[in-house]
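Please find below my notes on the model.

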Amino acid sequence: MNKLSAINTDKLTNYKNQDSVEKKIESITNKSRGSRSFSEKVRLFQLKLYDKAKREKDYRFYILYDKIFLIQTLEVAYHKVKSKGGSSPGVDGQTIVDIEKYGKEKFLADLSEDLRKKSYQPQPVKRVFIDKEDGSKRPLGIPTIRDRIAQTACKLVIEPIFEADFEDSSYGFRPNRKASDAIRAIKSNLYKGLTEVYDADLSKFFDKIPHDKLMKTLSLRISDKRVLQLINLWLKSPVDDGGKYTGGKRNKVGAPQGGVISPLLSNIYLHLLDKIVRKSDGHYRRAGVEIIRFADDFILMSRKMPEGITEVLAKLLARMGLQINEEKSKVLDVGKEPLEYLGFEIRYAKSILHRDGRKYWSIIPSPKSQRKLRQKLRLRLRHIGHYGPSKVAAELNPILRGWLNYFDQPGLSHIQIARQKLRHYLSERLYRYYSRKSQRRSKLSRRDAYTELTTKYGLIQVYTSSKTRPVNAMSRNL
């Protein structure tokens, strides 16, 4: 029986503080075993792992593999994969629809048995390329859905252990942490006077993670060799690049971007960097340097960046098998030059609310982020032809909603001007769309299409003019 409905699987790894963890353990434990949903069983195990890891910093966990192939773990993993768009097939072409036609229970039972017998072998990772704004391509690896489920099951088991160790300065791909939290931390540091920033760029990070050093890092907390062997299998999976295979067993570096477990592995490996920079009696802390990291994208902040600090950092990363991209990395004073980080632009700007020339920390969507959004909208409209207005709205809304949810952060970002520009762009682009030869029969070709779509067909209203003052840009609401 599927017993997933009691808990939202997206919130399985919600760790707030030790007291809340203990209360949640008690809450689930008080339920009879038979009444616990699959999600609650997995959640209870995660909480206990986290609690143990938090209390015993040097403890190595030795019986974990058996929990990965439990049906309850695989059920939760399956639903997480499905909820995140499991329609994109890997090299085998298999989709979620195919699995459910085959029989989800039988599919998961087969996977569980393969894992239990240690006969499980991941399939090659399908390489695809996505366009970058500069015209280049970024490689992305797509594992099969079967491998995604196995990776998610493993992640469910090991993530709580490392979550107990991770520093507060790490924000990327972690439960209940997001990019806006990193930006909020930067704003807080700026108000403290840490305005000099080293904006670091790691060169091809995911391609260069050394397997041997990563496995040693994992083994500091995991002594179950079966789990380590399973992770090593994924690291050694060959990559199918249009029929040409690379990587494989001889491969000694890299973790495919797109793999479910890759972001966690990157956080585990770069945790060493966080620890060194934040060490209370270390070189960086003594120099007043703070780190903000989102996956492999990080910055150092200080009142005055100490001389030679970037060289020290480069040597540290070199020992980790990583390399700074010198051309893209730089030291800047955010009080004089804007910082672009995680799609936001942060600058010290004059307030439009006051005439005395006072300044504030302006946080807006970067010009690059605004261009990317326009490009997405343009491409989407180009690929939809004879669509009715309701369908057009339904196609554009996910793009608009995702962008607005990311950048519109009350008390933090100021996006009214960006919203206004977006409304102007949509008005112009929708006019062109309905002026196409194929759309001339539409009444919208002779009307304000944007207004019609927003008022009658559910298109998101991205900007409305009001007489109210803009968000209080001078706020220190952190």
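**Notes on helix packing**

1. Leaving aside residues up to four places away in sequence, Val 42 touches Gln 72, Thr 73 and Val 76, where contact means heavy atoms within 4.5 Å. The model is predicted: local features need pLDDT of at least 70, side-chain atom pairs count only at pLDDT 80 or more, and totals for chains, interfaces and linings use all residues. Numbering runs from 1 along each chain as its sequence is written, and side-chain values use heavy atoms, with hydrogens and water left out.

2. Val 42 sits in helix α2; helices are DSSP runs of H or I with at least four residues, strands are E runs of at least two, and both are numbered from the N terminus. Val 42 is buried, at a relative accessible area of 5%. Buried means under 20% relative accessible area, exposed over 50%, and partly exposed in between, with a 1.4 Å probe and protein chains only.

3. Helix α4 (residues 71-83) has 13 residues and reaches 18 Å from first C-alpha to last, close to the 18 Å expected at 1.5 Å a residue. The expected span is 1.5 Å times one less than the number of residues. Buried in α4 are Thr 73, Leu 74, Glu 75, Val 76, Ala 77, Tyr 78, Lys 80 and Val 81. These buried residues pack against α2 (38-55), α3 (65-68), α5 (96-102), α6 (104-117) and α7 (145-163). Just after α4, Gly 85 has a positive phi of about 80°.

4. Helix α17 (residues 416-434) and helix α15 (residues 367-383) have axes that come within 11 Å and cross at roughly 20°. That makes α15 roughly parallel to α17. Axes are lines fitted to C-alpha atoms, for helices over the stretch in contact, with angles from 0 to 180 degrees between N-to-C directions; under 35 degrees counts as roughly parallel, over 145 as roughly antiparallel, 65 to 115 as roughly perpendicular and the rest as oblique.

5. On the α15 side, the residues meeting α17 include Leu 373, Leu 377 and Leu 381; among their counterparts in α17 are Leu 422, Tyr 425 and Leu 426.

6. α17 has 19 residues and reaches 27 Å between its first and last C-alpha, close to the 27 Å expected at 1.5 Å a residue. Its buried residues include Arg 419, Ser 427 and Tyr 434. Cover for the buried residues of α17 includes β11 (359-365), α15, α16 (389-407) and α18 (449-456).
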